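Let's take a walk through this structure together. Have the sequence and the 3D view open side by side, and follow along from one residue to the next.

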Amino acid sequence: MLVRRLARPMLAAVFIKGGIDTLLNPEPRVGMAAPKIQQAESVVGDKLPPQAPTEPDQLVRIDAGVKIGAGVLLALGKFPRIASVALAASIIPTTVVGHAFWEADGADRPAQEIHFLKNLGLLGGLILAAVDTEGKPSLGWRARRASRKVAKQTRELTGQASDTDFAGTAKSAAETAGATARDAVDVAIGRFVA
């Protein structure tokens, strides 16, 4: 659809530009991130695996890479839902670290509040892009449809389509399987998006 082909690059542009700017000049962002990273390390302690990056410079560069990579994927319409989730996960720490208006004083507070709200709006756009199925049926609908097909094929294979007890049992089992699949998909999507 034309709207998606226009809207996705428009949404991705700010992330691509921000990621490139960060890679070219990471020092200001490293300076802002370092105290928050130290604060998080004191809370988390030894619970992080040894392979996890903890250096502010490294984390800032990883964040910039995610913004560029996922931004390009979103702009091109390649894996747009995954790219949107990656950008959403990237914008949250960026917003909390870079635009903590509640910690700002004086004239800087309104500017930081505006940037915070702007990023909140971008997050909303990313959430919409992450749940956009492009008009295709949702996973829940496909799971319900598949469970109905399995129930029908089971009745046909056993030749007991006329037996109301078996048909009722098969239908009940298929509905239970469908509800279980629907619940599992909803939980998985909730964990994936959250």
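Start at serine 84, which is in contact (heavy atoms within 4.5 Å) with Leu74, Leu126, Ala129 and Ala130, leaving aside its neighbours within four places in sequence. A word on what you are looking at: this is a predicted model, in which local features need pLDDT of at least 70 and side-chain atom pairs count only at pLDDT 80 or more, while totals for chains, interfaces and linings use all residues. Residues are numbered from 1 along each chain as its sequence is written, and side-chain values use heavy atoms, with hydrogens and water left out.

Serine 84 sits in helix α4; helices here are DSSP runs of H or I with at least four residues, strands are runs of E with at least two, and both are numbered from the N terminus. With a relative accessible area of 0%, serine 84 is buried, a label that means under 20%, whereas exposed means over 50% and partly exposed lies in between (1.4 Å probe, protein chains only). From serine 84 to valine 131 the C-alpha to C-alpha distance is 9.0 Å, although 47 residues separate them in sequence.

Now turn to helix α5, which covers residues 108–131. Its 24 residues reach 35 Å from first C-alpha to last, close to the 34 Å expected, where the expected span is 1.5 Å times one less than the number of residues. The buried residues of α5 are Gln112, Phe116, Asn119, Leu122, Leu123, Leu126, Ala129 and Ala130. What do the buried residues of α5 pack against? Their partners are α1 (2–24), α3 (56–76) and α4 (80–98).

The structure holds three aromatic pairs, where rings of Phe, Tyr and Trp (its six-membered ring) pair if their centres lie within 6.5 Å, with planes under 30 degrees apart counted as stacked, over 60 as edge-to-face and the rest as tilted. The rings of phenylalanine 101 and tryptophan 102 have centres 5.2 Å apart and planes at 75°, so this pair is edge-to-face. Phenylalanine 101 also forms an edge-to-face pair with phenylalanine 116, at 5.2 Å centre to centre and 65° between the planes. Since phenylalanine 101 lies in the loop between α4 and α5 and phenylalanine 116 in helix α5, the pair ties together parts that are 15 residues apart in sequence. Phe101, Trp102 and Phe116 form one aromatic cluster; phenylalanine 101 and phenylalanine 116 are buried, while tryptophan 102 is partly exposed at 42% relative accessibility.

Finally, look at the charged side chains. A search of the whole structure finds seven salt bridges, each a side-chain nitrogen of Lys or Arg within 4 Å of a carboxyl oxygen of Asp or Glu. Aspartate 132 and arginine 4 meet in one of them, at 2.5 Å from N to O. Aspartate 132 lies in the loop between α5 and α6 (139–158) and arginine 4 in helix α1, so this pair ties together parts that are 128 residues apart in sequence. Arginine 8 and glutamate 134 form another salt bridge, at 2.8 Å from N to O. Arginine 8 is buried at 12% relative accessible area, whereas glutamate 134 is partly exposed at 35%. Arg4, Arg8, Asp132 and Glu134 are linked in a network of salt bridges.
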